[in-house]
Amino acid sequence: MKKKLIIQIRTFILGVNHGQLLQAKGMHDLIKKVLPNASIKYDLYHNHIAKDIYSQIRKLSLIKTITLLINWIYFCKFSFPSKSRDFTIFGADTIWMYNHPIAPNDLFYFGKDITTGQLISVCPSNAGSAYPSTEELNKLLKKFKFIGVRDEATKLFIKQNNNLDVPILCDSAFFLDKSYLNKIKKFNRKNNLSVYANSCRSIKKEISKNKKVFKVHYLGYFPGFLTSLFKQFSGIYGVLNCIQDSKLLITDTFHGVVMALMTSTPFILIKSKIVLERLDGPLMQCFDNGRIASLKSLNDVLASEFIFDNGDLKSGKLDEFIKYSKDKITKSLRALTNHDEI
């Protein structure tokens, strides 16, 4: 009888951010399918939680903060980083980003403190802001038995520091168990827009200039405390369901695009250097470039009929990318664990 594998996931946790929880739980759901008898927990280490919560309270998003922390406790099990393990799997998100706007630089996210088990990198990102090359960093990267990354910039980072040509894999949010989503045979999207964006105030201002009147729901980020107050109670599946029911999503975040793609919802991406760096890779081929716009051109894009059609989201490219990523991760897990579970 084989012993029960102990697997720890290392990524950003307890973040007041739907994307962080989506990718963390998605990673868990995939591992559980591949290794159903394994113990899977998250390393309880979050050295930016105070800064994150302070930032949200300043934005008057206290309800959202409480809702997401409850989501974390409900969906995830934690243990301390000192716990002995067979494998540590480094999940997604920008855990390898140098000078992160919230998280301090910390080699913990490269496994500096780990003394037991093997290391696997699935799809972390540095969003085009790579750690400086050092002897210590290079030694840590060489300990990984498998490395997958989320974007071109991180792929180049590994090439420069470890001389490996590694695969780009999809964000682990795409592996999320979707059984909690609304089950409908045919989408009958309501005639409203949803906004999931850091720049929600600016977007609200631009939409108000539009001659056409839209009913707008703000999700995750709110231009004012009383704006879409009820939506602040939405957890990860609540936000996904609301996006799925929307005629269009306007976003300026990486995981906003991911959630739109997960639900085949037409969207407009308000571009910035950092979000384009995070998307750079096969994911950019899964939707029409006409969906990428500047804030100033938002109303012009909203006037385009094609933007409300999801034909480009059904090309099959996303399904192929997800399948490719699942296969890569599954094969690496099976090879390293010598387990044959499905």
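**Burial, contacts and overall form of the predicted chain**

Of the 342 residues of the protein chain, 57% count as buried. The model is predicted. The chain contains 11 helices and 11 strands. Its C-alpha atoms fill a box of roughly 65 × 40 × 40 Å along the principal axes. The radius of gyration is 20 Å, which agrees with the value near 20 Å for a compact globule of 342 residues.

The protein chain exposes about 15,500 Å². Carbon and sulfur atoms supply 55% of that area. Charged side chains number 50 positive and 29 negative. The centres of these two sets lie 5 Å apart.

Helix H8 spans residues 254–262. In H8, 9 of the 9 residues are buried, so the helix is largely enclosed by the rest of the structure. The buried residues run from Phe254, His255 and Gly256 through Val257, Val258 and Met259 to Ala260, Leu261 and Met262. Just after H8 comes Ser264, with a positive phi of about 55°.

Several loop residues were examined in turn. Asn126 sits in the loop between strand S5 (118–121) and helix H4 (135–142). Its relative accessible area is 0%. Buried means under 20%, so Asn126 falls in that class.

Arg150 belongs to another loop, between strand S6 (144–147) and helix H5 (152–162). This arginine, Arg150, counts as buried at 5% relative accessibility. The side chain of Arg150 is joined to that of Asp171 by a polar contact of 2.9 Å.

Cys170 lies in the loop that runs between H5 and strand S7 (193–196). With 1% relative accessibility, Cys170 counts as buried. Residues up to four places away in sequence are left out of its contact list. Cys170 then touches Cys123, Phe175, Phe321, Ile322 and Ser325. Ala303 is 133 residues from Cys170 in sequence. In space, the C-alpha atoms of Cys170 and Ala303 are 31 Å apart.

Pro282 is placed in the loop between helix H9 (273–279) and strand S11 (292–293). Its relative accessibility is 30%, and Pro282 counts as partly exposed. That class covers values between 20% and 50%, so Pro282 belongs there. Beyond its neighbours within four places in sequence, Pro282 is in contact with Ile168 and Phe321. Phe321 is also touched by Cys170. Pro282 and Glu320 are 38 residues apart in sequence. Their C-alpha atoms are 10.0 Å apart in space.

How values were computed: Residues are numbered from 1 along each chain as its sequence is written. This is a predicted model: local features need pLDDT of at least 70, side-chain atom pairs count only at pLDDT 80 or more; totals for chains, interfaces and linings use all residues. Side-chain values use heavy atoms; hydrogens and water are left out. Helices (H or I, at least four residues) and strands (E, at least two) are DSSP runs, numbered from the N terminus. Buried means under 20% relative accessible area, exposed over 50%, partly exposed in between (1.4 Å probe, protein chains only). A polar contact is a pair of N or O atoms within 3.5 Å; within protein, one must be able to donate a hydrogen and the other to accept it, and residues adjacent in sequence count only if both atoms are side-chain atoms. The radius of gyration is taken over C-alpha atoms; the globule rule is 2.2 Å times the number of residues to the power 0.38. Accessible areas come from the Shrake-Rupley method with a 1.4 Å probe; for residues, only the protein chains shown count as cover. Lys and Arg count as positive and Asp and Glu as negative; His and the chain ends are not counted. The place of a charge is taken as NZ of Lys, CZ of Arg, CG of Asp or CD of Glu. Contact means heavy atoms within 4.5 Å.
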